[in-house]
Amino acid sequence: MMKKTPIYHEQVQPLPDYPRLCGEQRFDVCVVGGGFTGLSAALELAKAGFRTALLEAAQLGSGASGRNGGQVLTGLAPAMVTVARQLGHAHAQMLWDLSVAAVATLRRGLAEADMADAFRPGFILAANRAAHRAELVEEYNYLTDRLGYGALELLLQPEQVAARLGTRRYVAGLVDHGSGHVNPLAYLNGLARAAEKAGVTIFEQSAACRFVHQPGGEKVNVYTDRGVVRADRLLLCGNAYQRHLATPMQAMIMPVGTYILATAPLPEALAAEILPSGVCVSDMNFVLDYFRMTPDRRMLFGGRVSYSGLPPVAVAHRLKRRMCAIFPALDGVPLTHCWGGKVAITRNRLPHIGRTPQGVYFAHGYSGHGLALSGFAGQVIAKAIAGDLTQFDCFARIDHRPFPGGGMMRAPLLALGALYYRLRDLL
Ligand SMILES: Cc1cc2nc3c(=O)[nH]c(=O)nc-3n(C[C@H](O)[C@H](O)[C@H](O)COP(=O)(O)OP(=O)(O)OC[C@H]3O[C@@H](n4cnc5c(N)ncnc54)[C@H](O)[C@@H]3O)c2cc1C
């Protein structure tokens, strides 16, 4: 029987259970959500001297942070040439620099938790067809010549890609030696331990069901079923998993399901044939395949999407078919786990980070590109709360629009729009 839980739970030391919030407690800041965003914000706030509470509806890491593909990527979800077209070169440069800082920050966090080795360097953006080649060249030129990034390598011949990836499926590739991969739950648990050590008070099984501002100010009471946190500031980090709290920001994101299949550990000889360079990979299709090998030689193969909240029919079988089309040698290897999770996408695929007129901070909508960015966004907001708005403003001034169709129609409309791009993937 294939397990439906992320393999990561079997690979890392579990965290202790944290208590449920009961009764009334007073803090400087209340952070809602125990993923990368919330934990890193809480950690930074506590380090800066704020008495900080973190409310998690279920367990820390039970959202996207504990179940993602583990790819630690520079940049943002769209290509940087697209970002520059939308926002202009100067703004794109700032966002790019912050994204590189996000990866460096994650690596520093791992090193501080004695887990520097957990980061495995290298990422390849793999071109599925000839038409993608020009996009790769344009992105390479922009990143190298205009943004001054020196960690890229362009592979324009299929044989060059095959030598790195062990498959002839791709026609070209862009290697980023500055990106890489990690066990995301190990990173999350490291953040949680650091946050606790820094003095954050963590509550699990404590969903915030509503918040009420105290008259005439930003002070806020945040209610759970058994208690209330009274705080000067509130930070919402529920992202695609946000529950109970209906806010205007929710209209800017759309939760979309994505799925991952894990094989049993591969025999050494087979693992050496597949992904010989040890990098992680995403392809360039609209509904993309993403994969990597874990240190215990399991292939983790991700992809497929769902706009309805329900997994696609026979998702494990469909992922297996795609995986074996790329690596035929994997046909017949035992499959042990298949799980899914929700990413929050925005219309422009850029993260939505800001502050409401009533002073509630929020960060969400990393659009499937949030492993490094979300932890960094948490720090950026913590700095903003402490008075340094430089990095925060760089994100907050990105213009975001709600998805059309309101609560009922936006998922079907998005699915319809996506169909067009999926058909294009097939051409
Ligand atoms: C299958 C999958 C694969 C992915 N692969 C990659 C990848 O390879 N690389 C990459 O860069 N990104 C990837 N992502 C995206 C990345 O995981 C996310 O961007 C990132 O984890 C978001 O972190 P977060 O803290 O904002 O949200 P989450 O980790 O989702 O945390 C939100 C938390 O808030 C809690 N919560 C919600 N509502 C409440 C409430 N009312 N009260 C209290 N708590 C609440 C939830 O229980 C949850 O624990 C992937 C995502 C998925 C699902």
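The model is predicted: local features need pLDDT of at least 70, side-chain atom pairs count only at pLDDT 80 or more, and totals for chains, interfaces and linings use all residues. Residues are numbered from 1 along each chain as its sequence is written, and side-chain values use heavy atoms, without hydrogens and water.

**Helices α1 and α6**
- The axes of α1 (residues 36-47) and α6 (residues 184-198) come within 9 Å and cross at roughly 30°.
- That makes α1 roughly parallel to α6 (angles under 35 degrees count as roughly parallel).
- F36, L39, S40, L43, A46 and K47 in α1 meet P184, Y187, L188, L191, A192, A194, A195 and A198 in α6 (contact means heavy atoms within 4.5 Å).
- By class, this contact has 12 nonpolar residues, one polar and one charged.

**Helices α2 and α3**
- α2 (residues 80-87) and α3 (residues 89-112) have axes that come within 7 Å and cross at roughly 135°.
- M80, V83, A84 and L87 in α2 meet H89, H91, A92, L95 and W96 in α3.
- The contact of α2 with α3 holds seven nonpolar, two polar and no charged residues.

**Ligand**
- The ligand is surrounded by 39 residues (each with a heavy atom within 4 Å of it).
- The closest are T37, E56, S65, Q71 and L371.
- A backbone N or O atom of F36 lies 3.0 Å from a ligand oxygen atom.
- An N or O atom in the side chain of N68 is 3.1 Å from an oxygen atom of the ligand.
- For the side chain of N239, an N or O atom is 2.9 Å from an oxygen atom of the ligand.

Definitions and conventions: Axes are lines fitted to C-alpha atoms, for helices over the stretch in contact, and angles run from 0 to 180 degrees between N-to-C directions. Helices (H or I, at least four residues) and strands (E, at least two) are DSSP runs, numbered from the N terminus. Ala, Val, Leu, Ile, Met, Phe, Trp, Tyr, Cys and Pro count as nonpolar, Asp, Glu, Lys and Arg as charged, and the others, Gly among them, as polar. A polar contact is a pair of N or O atoms within 3.5 Å; within protein, one must be able to donate a hydrogen and the other to accept it, and residues adjacent in sequence count only if both atoms are side-chain atoms. Angles under 35 degrees count as roughly parallel, over 145 as roughly antiparallel, 65 to 115 as roughly perpendicular and the rest as oblique.
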